[in-house]
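Q: Hi! Could you walk through this one with me? I'd like to jump around a bit.

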Amino acid sequence: MEKIKIGLLGLGTVGMGVYKLIQRRADVMEKTVGAELEIRKILVHNINKKREGIDASFLTDDWHQIVEDEDIQIVIEVMGGMEPAKTIIMEALKAGKNVVSANKDLIAQEGRDLLDTAHENKRDFLFEAAVAGGIPIIRPLKQCLAGNDITDVIGIVNGTTNYILTKMSEDGMEFADALKKAQELGYAEADPTADVEGLDAARKVAIMASIAFHSRVVPSDVYTQGITKITARDIAYAKEFDSVIKLLGVAGNTEEGIEAGVCPMMIHKDHPLASVRESFNAVFVHGDAVDDAMFYGRGAGEMPTASAVVGDVIDVARDLKYGCTGRISCTCYKELPVKKWGDVKNKFFIRMQVKNQPGVLASAAQVFGRYKVSIARVVQEHTEPEMAELVIVTEKVKEKYMENALDELKSLPPICEISSVIREYSGT
Ligand code: NAP
Ligand code: HSE
């Protein structure tokens, strides 16, 4: 049987999963692809590290051995990072190889260059695993939903933070304990800052928004706030308001431009995204023809991510069999502006510690009024003789007006502390 030879860049969590899955599915490749998939060389950093089940003669620490091997037709990049990953992928494409990558950091930032190079060389560059791990979302956005004008993409696209928020909310776990557990389970990045500060989710939002709205969005276009300031008290209020707190990636295509942000948000428990628990991810899409569609599953981990990578590899192998690689490259044919975050409108939940004296609420309301902030709900709980906790929920207001109002509130003497400011997801 014909063999399609593969070079694997990286043999960590995802690389091992890819290796195992290709072996596990070997017997069906003849029927599904019409060829055998053979991993010929594997690039690693530490060539001396013992790797169970791997013949050491396949390992190399020199990427040229893969890029310059004329028999290799597919390169799988699961090593991560910007460099040398970008150089290796570019060189592989120029050498006529097709590339499959899971590297969202690189694709979010350098996607155009990579896709253009693939196009120039008439090669496939596929990256289904880069967003939401095992969940098919790149292909649905690029292909299955191509007939739609997509206006909104909202996602829970970071497994680590969803796991942490679920454990804090359901088991009363502390943030640090839940993060440690997520690291043990292999969900978190090597440096979990990217997870808990929202950077990982922002990269995924940039990739999804670029594809959904046909216009390049890069991570610096995405307003980013993580979950490190969320407290048990905020979670208790969310429950009281029939909501949960989720780290949401929200991208919208509006008349004034693209809106893109990642931040913790209160979302009503009846919304389908509210029931996405543990390390699961989900992406909710609104298109003019399909209406609402939601994609749900495992967004991280060895085998779910390998599932997406191997799916791409099989697609490339089929394209190779039919001699039709390089069919779908960059789909960003527009140049839409990205809205300044200050002009984006949101609802807010504000929790503050105030002096328990007459006129405090009136003076806070006056500040809000001055900055066009309309109040939807006021709750005062945990009142002590001297102090009270005041919670104000607003209607939708421009981010910049809220920022100005909060700045002025902080300087009001009866307001001792603004403990939390959390946005409320209010639908598309
Ligand atoms: P990982 O466990 O850290 O593995 C990285 C692998 O690449 C290791 O085998 C490492 O070699 C090798 N490597 C790294 N830099 C190298 C270099 N400069 N030269 C040679 N080899 C190098 O990472 P991972 O979790 O598998 O993630 C891989 C990629 O998939 C990343 O882009 C990540 O964002 C993406 N991804 C991961 C997940 C997930 O759940 N983990 C999900 C979706 C996407 P050594 O073994 O010798 O150290
Ligand atoms: N660290 C990521 C997450 C997995 O927690 O979702 C890789 O995308």
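Q: Let's start with D71: buried, exposed or partly exposed?
A: D71 is partly exposed. Its relative accessible area is 41%, which falls between the 20% limit for buried and the 50% limit for exposed. Please keep in mind that this is a predicted model.

Q: Thanks. Where does D71 lie?
A: D71 is in a loop, the one that runs between α3 (64-67) and β4 (72-77).

Q: And how far apart are the C-alpha atoms of D71 and R318?
A: They are separated by 17 Å. Along the chain, D71 and R318 are 247 residues apart.

Q: While we're around there, what about E77: buried or exposed?
A: E77 is buried, because its relative accessible area is 0% and buried means under 20%. The residue belongs to strand β4.

Q: Let's switch to the ligands. How many residues surround ligand 1?
A: There are 23 residues around ligand 1. The closest are L11, V14, N46, R51 and G301.

Q: How does that shell divide into nonpolar, polar and charged?
A: The shell around ligand 1 has 10 nonpolar residues, nine polar ones and four charged ones.

Q: Which backbone atoms lie by the oxygens of ligand 1?
A: One is a backbone N or O atom of G301, which lies 2.7 Å from an oxygen atom of ligand 1. A polar backbone atom of V14 is 2.8 Å from a ligand 1 oxygen, and for G12 the corresponding distance is 3.1 Å. As for cover, ligand 1 taken alone exposes 900 Å², and the protein buries 78% of that.

Q: Where does ligand 1 sit?
A: Ligand 1 sits in the largest pocket.

Q: OK, and where is ligand 2?
A: The space that ligand 2 takes is the largest pocket. Two elements give two or more residues to the shell around ligand 2: α7 (159-171) and α10 (199-213).

Q: Which residues are around ligand 2?
A: They are K104, N158, G159, T160, Y187, A188, E189, D195, D200, K204 and A300. By class, this shell divides into five charged, three polar and three nonpolar residues.

Q: What do G159 and T160 do there, in terms of distances to ligand 2?
A: A polar backbone atom of G159 is 2.6 Å from an oxygen atom of ligand 2. With T160, an N or O atom in the side chain is 2.6 Å from a ligand 2 oxygen. There is also K204, with a polar side-chain atom 2.8 Å from an oxygen atom of ligand 2.

Q: How much of ligand 2 does the protein bury?
A: The protein buries 90% of the 260 Å² that ligand 2 exposes when taken alone.

Q: Changing topic to backbone geometry: which residues does a cis peptide bond join?
A: It joins E83 and P84, and omega is about 10 degrees. P84 is in the loop between β4 and α4 (85-94). Most peptide bonds are trans.

Q: What is phi of H214?
A: Phi of H214 is near 60 degrees, a positive value in a residue other than glycine. H214 is found in the loop between α10 and β8 (223-224).

Q: And phi of K372?
A: K372 has a positive phi too, near 65 degrees. Its place is the loop between α13 (360-370) and β14 (375-381). Most residues other than glycine have a negative phi.

Q: Why does K372 count as exposed?
A: Because its relative accessibility is 58%, and exposed means over 50%.

Technical notes:
Residues are numbered from 1 along each chain as its sequence is written. Chains are lettered from A and ligands numbered from 1 in the order in which they are written. This is a predicted model: local features need pLDDT of at least 70, side-chain atom pairs count only at pLDDT 80 or more; totals for chains, interfaces and linings use all residues. Side-chain values use heavy atoms; hydrogens and water are left out. A residue is near a molecule or strand if one of its heavy atoms lies within 4 Å of it. A polar contact is a pair of N or O atoms within 3.5 Å; within protein, one must be able to donate a hydrogen and the other to accept it, and residues adjacent in sequence count only if both atoms are side-chain atoms. Accessible areas come from the Shrake-Rupley method with a 1.4 Å probe; for residues, only the protein chains shown count as cover. On a 1 Å grid over the protein atoms alone, a cavity is a set of points where a 1.4 Å probe fits but cannot get out, and a pocket is an open set with protein on both sides within 12 Å along at least five of seven lines; lining residues have an atom within 4 Å of a point. A molecule sits in a cavity or pocket if more than half of its atoms lie within 2 Å of its grid points. Ala, Val, Leu, Ile, Met, Phe, Trp, Tyr, Cys and Pro count as nonpolar, Asp, Glu, Lys and Arg as charged, and the others, Gly among them, as polar. Helices (H or I, at least four residues) and strands (E, at least two) are DSSP runs, numbered from the N terminus. Buried means under 20% relative accessible area, exposed over 50%, partly exposed in between (1.4 Å probe, protein chains only).
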